[in-house]
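Colleague: I have a two-chain model on my screen and some questions about how it is put together. Can we go through it?

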Amino acid sequence: MITLEQKKFEEIEKMTKGYSRLLVLGCETCSAMSFAGGQRQVEELASAIRMAQKTSGQEGEVLEDAIARQCEPEFVDLIRDKLAGCDAVLSLACGAGVQLLSERFPDKVILPGCNTTFLGVTEELGVWSERCAGCGNCILDKTAGLCPIARCSKQLLNGPCGGSMNGKCEISKDVDCVWQLIIDRLARLNRLEMLEEIFPVKDWSPAGHGGPRKMVREDLKS
Amino acid sequence: MAHPPCKLACPILTDVREYVQLIAERRFDEAFATIRRQNPLPRVCGRICTHPCETACKRGQIEEPIAIAALKRFASDGPWKNQYKPVLPDKPSGHKVAVIGSGPAGLAAAHDLALLGHHVTIFEALPVLGGMLRVGVPEYRLPKNVLDEEIQAIVDLGIEIKTGVRIGAQIKLSDLFEQGYKAVFVAIGAHKDRKLGIAGEDQFEGVISAVSFLRAVNQGQNPKETKKAAVIGGGNTAIDSARCLLRMGAESVHIVYRRSRDEMPAAQEEIEEAIHEGVQIAYLTSPLKILGEDGKVSALKCIKNELGEPDASGRRSPKPVPGTEFTLDVDMVIAAIGQAPDSSLVADELGLTERRERIIVEGPYTLVTTRPGVFAGGDAVTGPATVVEAISAGKRAALSIDHYLKGESIPAIEPAKDVEKVSLARSVVEKTRKFPRCKKISLPADQRLRGFKEVESVFSEDLATKEALRCLHCYLGARIDAEKCVSCLTCVRVCPLGIPTTSKMGEITIDPFACQACGVCALECPVRAIDISLDPRTEIAQDIKKAMSTSQHSGPVIVGFFDLHGNFDSSDVENLRQDYPHVLPVMVFGLRRIDTSDILKAFECGADGVLLARCPPESDPFPEATDRVKRRMAHARALVEALGLDGGRLEICDMPEQGLVQKELIDGLIQRIKEPGQVRSE
């Protein structure tokens with residue numbers, strides 16, 4: 001899933017100041033699962049904004065709504081009527097959702113209530129960690145199923161580096177050295193010989209370094 | 001929604017869960033109204049009901065069932081009972097209905113018929129009302145004044161009473177129709193004794209049937225002075241007779257029962273009480289012959305049995321063991337081997353064959369007899385059964401008669417009950433916190449035998465609320481809205497009992513029977529796809545608004561969320577209202593239910609402060625969720641502070657061991673509201 005975290009309230013308060021009719025719009029998939037922008041956070045945040053407005057003597061209305069995914073035009077279009085009477089939307093979606101709202105509603109102010117963090121997994125309730133960098137060219141078959149692009153601080157393809165100490169990365173004792181993990185796992189799988197294959201220089205163009213990415217499936221598109 | 005097992009087990013489908021919950025909420029008058037609406041004899045049932053609800057109770061799978069009958073008695077004995085007024089219809093129907101017999105079946109029918117607008121006359125053969133409740137159940141189990149008050153409340157609905165009238169003898173059924181009665185309910189009970197059928201039974205003075213004995217005792221007579229008595233039989237009537245004998249001065253009382261204790265039909269607790277009081281029970285023993293001297297009983301000759309193959313009733317049948325004969329020296333023998341209805345007086349008119357003792361009805365729901373307009377129910381139809389079964393028959397008869405009088409067809413099939421006996425998974429049983437059942441309070445045995453004083457006392461308010469809070473809220477727990485659910489698995493991860501499960505495709509299932517409505521999943525669900533029926537989220541929001549709307553004073557307004565599991569009583573709530581009128585209480589089944597947004601909502605509605613009072617850890621059914629509650633409150637406080645408010649306006653505290661909240665905590669909160677910026681004590 002894409003993980004998100006809600007921005008600090010101070011930042012949200014500042015960016016939402018001055019709008020007389022604000023819609024706080026939740027996104028009920030990744031953002032909800034990150035506890036950043038589901039219906040529950042919409043209720044909490046809208047209540048907080050209302051109180052902040054009241055305290056600062058601002059007259060305004062704060063509306064609440066949520067849709068399944070703000071990254072799908074059909075869902076986004078379902079709030080068109082509700083949005084008509086608003087002068088701004090505080091979107092609790094990832095950056096993709098915020099931008100689709102901007103595209104669909106060119107005359108409205110769309111504000112981001114969350115920071116998009118990474119593609120990751122849930123370790124346990126309330127704990128997420130990064131696993132994928134979306135580089136566009138998966139090499140997990142060669143690295144024992146553990147990604148050095150997403151999890152090595154230097155994104156080394158032929159690691160580890162000299163900063164690997166007792167299985168930890170030199171940047172922090174709380175960060176595992178993924179190359180240590182790769183070697184341990186290859187040893188367990190009895191595949192250590194795979195380390196003898198040297199990765200050539202990586203082509204980063206599928207990772208976005210060749211400009212914004214777009215994907216077209218001719219068999220599906222209308 | 002499915003019915004909880006306690007309700008399904010009750011012949012009159014009493015809303016047990018509802019009134020137990022109201023007791024837990026200290027809303028005793030509403031608890032009584034809930035009981036009384038369905039049952040015209042709640043104080044009787046609170047004392048002598050065989051409480052099948054307790055047998056079915058889910059708590060019974062954890063340690064012991066909720067003491068439902070004792071709670072019913074608590075709710076029905078309290079002074080608030082007098083506030084209940086049944087509502088009679090504005091316009092009488094104009095129909096006259098005769099009820100024959102004033103036992104629980106007749107009384108229940110009369111009550112319900114009166115509420116349906118019919119004019120009811122009760123005909124009773126005895127000089128007193130109540131049937132077996134009056135002449136069968138001893139005073140120490142059901143005080144006569146309690147029965148009097150219950151009956152009076154029913155009679156006060158405008159019911160006409162004719163005692164000393166034996167229908168079938170002085171007045172025939174057909175005469176009643178000639179007198180203008182449009183329907184008749186025959187509820188004559190089962191007052192005919194069964195004979196022992198052994199030698200000496202009719203020969204000596206001192207052999208008496210249990211029904212006659214109890215009838216005399218209950219009317220204040222002593223049929224015979226006795227020193228040593230034997231009671232033959234193993235049912236509740238045998239136990240009642242034996243316990244009465246002890247109270248009337250008998251030095252030794254033996255119950256002679258042909259099977260073992262496991263097969264004994266009397267209620268377990270009655271058997272225990274009898275033994276406790278000194279009744280001796282000879283199990284696996286049958287009487288052979290009554291011996292006498294000078295025309296009076298002198299001894300009972302018995303033989304020991306062993307248990308053989310199961311008989312038609314499924315119980316193993318006793319077989320005498322040759323050579324084990326012995327005699328008990330007794331001067332009195334009570335035969336308590338069962339009663340039967342005496343339908344002889346109405347047999348002809350109802351087309352019964354003479355040998356039949358029970359009145360035949362078309363079905364157990366319609367209670368229609370062979371004669372148009374005549375209905376029958378209770379022990380007269382079923383043979384000796386329980387008081388609640390008789391009440392049930394009376395209520396069904398009232399409905400059937402009402403249909404009949406309106407010229408409607410009588411529904412023949414009992415509405416389907418979704419009977420399900422569900423057992424809890426072992427993991428749920430193990431994870432559920434145990435709370436021992438509150439013990440009933442009984443008179444010491446030596447004080448009991450000096451008279452017929454009621455043995456059991458009513459629960460105190462303290463005990464009653466504590467017991468009611470043991471309820472596990474069957475089917476009031478989490479309900480998942482599949483349309484909203486995004487399969488985030490939060491419920492699966494937070495449930496303290498491990499009840500939610502997921503399929504491979506993320507379809508979440510929450511067993512509504514096993515769920516105990518702790519509320520954690522409903523709260524943590526990020527998309528609000530889960531709500532619980534106990535304290536639903538919308539209700540909490542409404543409660544906050546309602547509390548705020550009652551505020552009419554100038555001081556700082558504080559919304560106080562109080563956990564109902566605290567050790568407080570209704571007077572503590574009243575004192576809080578008086579001492580701190582600006583503290584507006586919102587009562588909840590655990591602070592687990594209160595979200596940050598609820599706290600903000602309170603501030604948004606104009607509260608100056610919010611107080612959250614956790615129950616003491618020893619009364620918390622889900623102590624493992626305490627840390628979660630604390631962390632949520634820390635999050636809420638951070639948000640309140642981010643809003644520029646003093647975080648000290650939010651106070652989370654533990655309730656004291658006794659009472660609702662410490663005054664100093666409220667005073668401190670008020671102080672911080674008045675002078676923001678002060679350092680909090682916690």
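Predicted model: local features only at pLDDT ≥ 70, side-chain atom pairs only at ≥ 80, totals over all residues.

Colleague: Into which domains is chain A divided, and how many Å separate their centres?

Modeller: The assignment gives domain 1 (2-118) and domain 2 (133-207) for chain A. The distance between their centres is taken over C-alpha atoms. For domain 1 and domain 2 of chain A that distance is 38 Å.

Colleague: What percentage of the residues of chain A count as buried?

Modeller: The secondary structure of chain A is eight helices and nine strands. Among its contacts between residues at least 6 apart in sequence, 55% join residues at least 24 apart. Of the 222 residues of chain A, the buried part is 35%.

Colleague: Which element of chain B gives the most residues to the side that touches chain A?

Modeller: The contact takes 19 residues from chain B and 20 residues from chain A. On the chain B side, α20 (490-494), α24 (596-604) and α25 (626-642) each give two or more. With six residues, the element that gives the most is α24(B).

Colleague: How many residues on that side of chain B are nonpolar, polar and charged?

Modeller: This is again the side of chain B that touches chain A, with its 19 residues. By class they divide into eleven nonpolar, four polar and four charged.

Colleague: In chain B, how many residues do domain 1 and domain 3 give to their contact?

Modeller: Domain 1 of chain B is in two pieces, 5-85 + 423-468, and domain 3 covers 193-338. Their centres, over C-alpha atoms, are 32 Å apart. The side of domain 1 that touches domain 3 has four nonpolar, two polar and one charged residues. The contact takes seven residues from domain 1 and six residues from domain 3.

Colleague: There is an open sheet of five strands in chain B. Which strands stand at its edges?

Modeller: The strand order is β3-β2-β1-β4-β16 (chain B), with parallel pairing. From one strand to the next the twist averages 20°. A strand with a single partner has one side left without a neighbour in the sheet, so the edges are β3 (160-163) and β16 (374-376) of chain B.

Colleague: Which residue stands opposite Ile100(B) in β4(B)?

Modeller: β1 (residues 96-100) and β4 (residues 181-186) of chain B run parallel and are joined by five bridges. The residue of β4(B) that stands opposite Ile100(B) is Val186(B).

Colleague: Is Arg593(B) buried or exposed?

Modeller: Arg593(B) lies in the loop between β24 (583-588) and α24 of chain B. Leaving out residues up to four places away in sequence, it touches Gly519(B), Leu523(B), Asp535(B), Ile540(B) and Val588(B). The cut-off for burial is 20 or more other C-beta atoms within 10 Å. Arg593(B) has 24 such neighbours, so it counts as buried.

Colleague: Helix α2 (residues 16-24) of chain B looks enclosed to me. Why is that?

Modeller: Its cover includes α1 (5-9), α3 (28-38), α5 (52-56), α6 (68-77) and α19 (461-468) of chain B. The buried residues include Val16(B), Arg17(B) and Tyr19(B). The helix is largely enclosed by the rest of the structure because the buried count is eight of the nine residues.

Colleague: Which residue just after α2(B) takes a positive phi?

Modeller: The phi angle there is about 60°. The residue that takes it, just after α2(B), is Arg26(B).

Notes. Residues numbered from 1 in each chain as written. Chains lettered and ligands numbered in written order. Contact = placed C-beta atoms within 7 Å. Helix = DSSP H or I, 4+ residues; strand = E, 2+ residues; numbered from the N terminus. Nonpolar A, V, L, I, M, F, W, Y, C, P; charged D, E, K, R; others polar. Domains from an automatic or database assignment. Buried ≥ 20, exposed ≤ 12 C-beta atoms within 10 Å, placed from the backbone. Pairing = 2+ DSSP bridges. Axes fitted to C-alpha atoms, helices over the stretch in contact; angles between N-to-C directions.
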